[in-house]
Amino acid sequence: MEALLYQTLSTDDNERKKAVQLLERHGTEDYSNYAVIICHIIANYQLQDNVRMSAGLALKNSLAGSHACIGILADQRTKHMIKTNILPLLATKPRSVANIISQLVATMATIDLPLGEADDIITTLVDNITQRHRPSNVKQVALQTIGYICESVQPELLSTNQKNALLTAIIDGSRREQLDVEVKIAAIKALYNSLEFIRGNFEISVERDFIIKVICDAATPNASSTTELQVAAYECLNKVAGLYYEKLEDYMTSTLYNLTLNGMAQTSDPSVVLLSIEFWSTICDIEVIRKKENTALMFSFADKSMISIIPTLCKLMIKEHDKPESDDEWDIPKAACNCLSLLASCCKDLVVPSLIQFIEKNLLTTDLVDWSQKEAAIIAFGSILNGPSKIKMKPLIEQILPTILACGKDLNMHVRLAAARTLTEIIKESSQMLDQPATLHSIMSAIKRGLGDSSQKVRHSACIGIIHCAERLGPSPNKPIDTGPISEYTHSIITCLLENSKTFDLQDDPYMQTVYEAIAAIVKHSTKDCDHVVELITDSTIARLEILYLAETRMSNAFSVNDVIPLQSSLIGVLLSCIYRLSVKISVYSNRIMRLFFSMLLLSQKECNKSISVLVEDVYLLASAMIISIGSHFECFVDELVPHIANIMLPSPNQDCQLCSIGIGIISDLCSTIPSMAKPHAPLFVQLLLDNLSNNDLHRDLKPASLSCFGDVAHALGPEFLPFVNALMMIIQQAGNLQANQNDQDMVVYVDAIRVAMIEAFVGTLQGLGQNAYTRNVFLPHVNGFMLFVNSLVKENSRSDALNQAILGLLGDVARIYESQVPSSMLESVLHDLMIGNLKGGIYFSNRTKELAQWAQKIITPH
């Protein structure tokens with residue numbers, strides 16, 4: 001066994017895996033004997049430490065495995081043997097071995113606690129901490145083990161006595177009289193993990209007072225403390241704030257306020273500063289939610305303390321160096337900025353006076369100030385914009401905006417970046433400023449200047465500013481108006497963006513993605529007088545995609561197809577915006593777009609990975625957009641497209657759910673937009689949809705879409721759908737038998753979606769066959785039978801608004817198509833039951849549903 005344990009440490013993967021498998025086999029064949037041998041190896045001080053550690057991990061893993069099966073749980077003798085051998089080893093040396101024993105004992109506790117058999121483990125741990133003669137290393141390991149146990153089990157598994165015993169031990173290890181700082185650190189960390197277990201203790205003021213005092217004593221620097229101890233205490237304090245906000249009132253005004261404020265002022269270690277800031281961020285998060293909900297107890301700690309906190313945070317935002325920083329690096333200035341933003345969200349207008357003092361001193365002054373002070377003042381202003389009221393902020397923005405715009409020309413990159421980001425926040429949060437032509441002109445000039453900045457981060461912020469400007473000043477997507485405020489700037493901005501993106505960077509560059517997002521935003525929200533700009537973008541985007549395709553076909557060994565996928569996806573996103581924006585005008589580019597479509601699909605078939613799959617989804621969305629936008633002009637591409645649609649919808653072990661969903665959507669688009677071209681392919685479409693509905697391995701979310709799509713196919717075929725009616729009605733009947741357990745909300749939603757899809761499929765068939773007297777009469781028996789099913793639906797107490805709309809649409813269409821052939825009393829009964837559910841307040845009707853109800857009623861009872 002020792003030899004196998006040595007082999008588990010091998011650097012050879014095969015040797016190591018083989019050793020692990022053999023150990024597992026020994027455990028499976030005779031667990032008792034295996035456990036005895038492993039225990040003896042762990043206890044053998046003569047062996048190498050790494051072998052003892054390997055043995056401990058092997059036993060721990062075997063126990064963790066048995067936790068979910070029979071094995072050790074059924075063998076009390078073996079369990080007793082393991083405990084007898086292992087619990088004393090909590091006092092073993094060296095610490096590396098003891099750490100493994102700690103994990104092993106915690107695993108034993110997770111097995112025994114649900115069975116009520118963990119008293120011996122709890123007692124051993126408590127004794128190891130509270131008995132004065134126990135050495136420091138034993139106390140530390142015991143406290144560490146308690147932490148592991150609390151991390152691994154639910155609080156309700158421990159009895160009140162067990163919780164109290166563990167808390168007593170933890171407090172004993174963390175009390176002020178404990179001179180060993182390492183024991184204190186272990187105790188505070190254990191307390192952190194146990195906080196959710198001691199809710200009962202927090203309800204008792206005396207015990208709560210003592211716990212808070214212990215934490216605060218540990219967080220307070222003194223001659224014997226260390227930074228590690230303070231950090232552990234602050235982490236504990238922050239968790240207390242999140243768990244026990246309701247209990248903090250007695251401690252906040254003096255103890256916690258002073259402690260955290262001093263922590264923010266500490267210069268010895270940034271970790272303490274960060275955690276002190278995090279404390280107030282936690283408080284603000286809680287109070288923002290409670291103010292919104294207006295139901296839970298709220299002490300307004302942030303409101304009462306912000307006068308002192310804001311100046312401290314502002315000072316912390318001033319950087320001490322001019323070195324480049326990573327956006328992913330969390331440092332004190334970023335934490336302070338985040339906390340200030342949360343304070344603004346929480347305290348609203350109250351934050352303004354304190355902040356203005358800082359801004360006036362460091363930004364609006366005529367005195368010479370350092371770049372770092374300017375930067376901090378600009379960022380501070382930008383961070384509060386989402387808090388105070390628009391009325392409060394409007395005069396301040398008008399006062400400060402010219403200075404921020406001027407800072408966009410500053411020689412220091414940090415100041416320019418701060419100005420660019422704050423300008424973006426102003427556009428986003430206070431878009432009323434853009435209503436003034438002179439101000440808008442200044443802002444657009446600053447954005448154009450930012451696009452040409454030497455710093456990529458400034459250029460990135462300028463792109464974000466463009467996106468917000470387009471969204472706030474442009475018309476709704478695909479609903480263009482004649483002209484707008486940013487029309488005169490559109491061409492010059494697009495020229496800058498296209499210039500910035502003309503070099504193909506084959507790396508996954510977030511900046512380039514943002515450039516293309518900005519271009520797409522301008523297209524989506526462009527006005528009619530900018531059509532020529534959209535056409536310019538379209539031509540440029542297609543040309544770039546064509547160049548990329550050619551580059552892919554000649555790709556050198558230095559690059560792969562995956563290297564160009566991010567850029568292709570960004571360009572396709574722009575092209576999609578152009579297609580929807582230009583609508584039928586895009587038809588002049590249709591040949592180039594669809595040649596690209598088919599070429600990229602062909603090339604993608606040579607690769608098979610997740611990145612390619614995402615790109616292929618984007619490519620198919622191009623086809624869908626073209627069908628919708630150019631309608632009958634797409635006819636020449638249908639025959640070539642259909643085999644590709646069949647390919648992504650055919651059942652296979654590796655079928656892509658998202659691609660299949662897009663395929664269903666394209667069938668719907670074809671049937672709705674070009675029904676004449678859909679007819680020759682109807683048998684294939686029907687078979688694909690039937691295969692989807694009968695495929696048990698297909699993701700269930702695709703079933704409603706597949707069923708609903710039948711309605712589009714039937715509507716496109718009209719009377720020619722008759723041969724497929726029986727197959728559809730059999731599917732509808734099977735779907736109608738589906739019931740949901742009302743306690744399973746996911747299933748309730750799914751069944752409701754299936755019912756909506758059933759009705760949509762039926763209505764499409766009704767509208768298609770209703771075009772001809774013969775097929776209309778053939779379908780009549782199905783109508784009468786289906787109405788009985790719908791009648792049962794309206795008697796249920798729970799329906800979505802979408803289902804109500806589907807039922808109302810069905811009632812109106814049945815009455816309109818069949819007139820007197822279907823008894824009006826049947827339709828009136830269904831409509832009555834539907835309306836009664838709404839009037840009683842149990843069933844929600846949106847405005848659209850109410851309009852549909854009025855329409856259906858007029859058709860059913862015209863007089």
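## Arg416 and helix 21

Helices here are DSSP runs of at least four residues, numbered from the N terminus. The model is predicted. Arg416 sits in helix 21.

Is Arg416 buried or exposed? Its relative accessible area is 11%. Buried means under 20%, so Arg416 counts as buried. The side chain of Arg416 reaches the backbone oxygen of Asp410, at 3.1 Å. Beyond its neighbours within four places in sequence, Arg416 is in contact with a set of residues that includes Cys407, Gly408, Lys409, Asp410 and Leu411. Asp453, Ser454, Ser455 and Val458 are also among its contacts.

## The largest pocket

The largest pocket has a volume of about 720 Å³. It is lined by 30 residues. The closest to its centre are Lys334, Cys337, Ile379, Ser383 and Arg421.

Which helices each supply at least two residues of this lining? They are helix 17 (332-347), helix 19 (371-383), helix 21 (413-429) and helix 23 (456-473). Helix 21 gives the largest share, with nine residues. By type, the lining divides into ten nonpolar, ten polar and ten charged residues.

## Ser668 and helix 31

Ser668 belongs to helix 31, which covers residues 657-673. Ser668 has a relative accessible area of 14%, so this residue is buried too.

What does Ser668 touch, not counting residues up to four places away in sequence? The answer is Cys709 and Asp712. Ala716 is 48 residues from Ser668 in sequence. In space, the two are 9.4 Å apart, C-alpha to C-alpha.

Definitions and conventions. Residues numbered from 1 in each chain as written. Predicted model: local features only at pLDDT ≥ 70, side-chain atom pairs only at ≥ 80, totals over all residues. Heavy atoms only, no water. 1 Å grid on protein atoms, 1.4 Å probe; cavity = no way out; pocket = protein on both sides within 12 Å on 5 of 7 lines; lining within 4 Å. Points joined across faces, edges and corners; volume = space filled by probe spheres on them. Nonpolar A, V, L, I, M, F, W, Y, C, P; charged D, E, K, R; others polar. Buried < 20%, exposed > 50% of the residue type's maximum accessible area, 1.4 Å probe, protein only. Contact = heavy atoms within 4.5 Å. Polar contact = N/O pair within 3.5 Å; in protein donor to acceptor, adjacent residues only side chain to side chain.
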